[in-house]
Amino acid sequence: MVTVTVRSTVDRSVVSERSLSGRTMLMSGGSRGIGLAIALRAAADGANVVLLAKTAEPHPTLTGTVYTAAQEIEDAGGKALPVVGDVREEADVRRAVDAAVDRFGGIDIVINNASAIDTSPTRELAMKRYDLMQSINTRGTFLLSKTAIPYLERGTNPHILTLSPPIDLDPKWVGPQTGYTLSKYGMSLCTIGLAAELADAGIAANSLWPRTPIVTAAILNRGGEDRAATARTPEIMSDAAHAVLTRDSRTCTGNFFIDDSVLIEEGVTNFAKYRTAQREEDLRLDMYVSERVVTS
């Protein structure tokens, strides 16, 4: 196992003044979990948050709908606009973009949060599930980003942030879950391509991924209590996302960020509040992450 040390590179005097107040965020998904945590952190600044999500009715085993999430955003100090739709459908994505512009006057941030997961090996992965992951993960990321570009070009410090991993071609990541990895790396390739394509327009494109598993209802619902016991809470991802989204879009682009490394750059030295494990050394590394971090 490799251990890396990350030291702060961010000016402390600037960080405290950064805010998402008045900026408009368009997010795929966000009814619960990491997406909702990112939305609530933005709402605490007074941001406008538009959620494009399918969950109009309560899930049989998962709490939260696009409407309950919108209420939480309002309660946290933001303005919310729930849009029931599917990121796989171009008409729904265009409707969400139009709704964001009509309600709030533009779009400053796109969060590609919606994602499907099935880590079955190739022999066992049904093509229906493979197609679902490709259409939500890779195609949905491309479609939502593409559709919002004309408004991001006129936005304030515009950012596209995609929840996808660094691309590591080690067979230990690709081999066990080829179908899922193809869809997540497709999202990551969107980050690389968009960062290059949109640099002249000043639009940032970055990816963010957790170093450890994140405790969400979806993980617990799949019988992941053992993972949850060695994980961190969604707030580490929301705090890291906030830090990235308040950096200069013209200089902070084309990165594959890991949540705790971002926060170390921001001056955070104590991560106890984020973990469910008793000790940092008990935390499990998430998929696509091979390095532990030393805070110093």
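The accessible surface of the chain comes to about 13,000 Å², and carbon and sulfur atoms account for 52% of it; accessible areas are computed by the Shrake-Rupley method with a 1.4 Å probe, and for residues only the protein chains shown count as cover. This is a predicted model, in which local features need pLDDT of at least 70 and side-chain atom pairs count only at pLDDT 80 or more, while totals for chains, interfaces and linings use all residues. Residues are numbered from 1 along each chain as its sequence is written, and side-chain values use heavy atoms, with hydrogens and water left out.

The chain has 11 helices and 9 strands, taken as DSSP runs numbered from the N terminus (helices H or I, at least four residues; strands E, at least two). Of its 296 residues, 52% are buried, where buried means under 20% relative accessible area, exposed over 50% and partly exposed in between (1.4 Å probe, protein chains only). Among contacts (heavy atoms within 4.5 Å) between residues at least 6 apart in sequence, 75% join residues at least 24 apart.

Now turn to strand β7, residues 204-209. Because 6 of its 6 residues are buried, β7 is largely enclosed by the rest of the structure. Both of its faces are covered: A204, N206 and L208 are buried on one side, and A205, S207 and W209 on the other.

Two strands pair if DSSP finds at least two bridges between them. Strand β6 (residues 159-162) runs parallel to β7 and is joined to it by 4 bridges, with I160 partnering A205. Strand β8 (residues 256-258) is also parallel to β7, through 3 bridges, and there F256 stands opposite S207.
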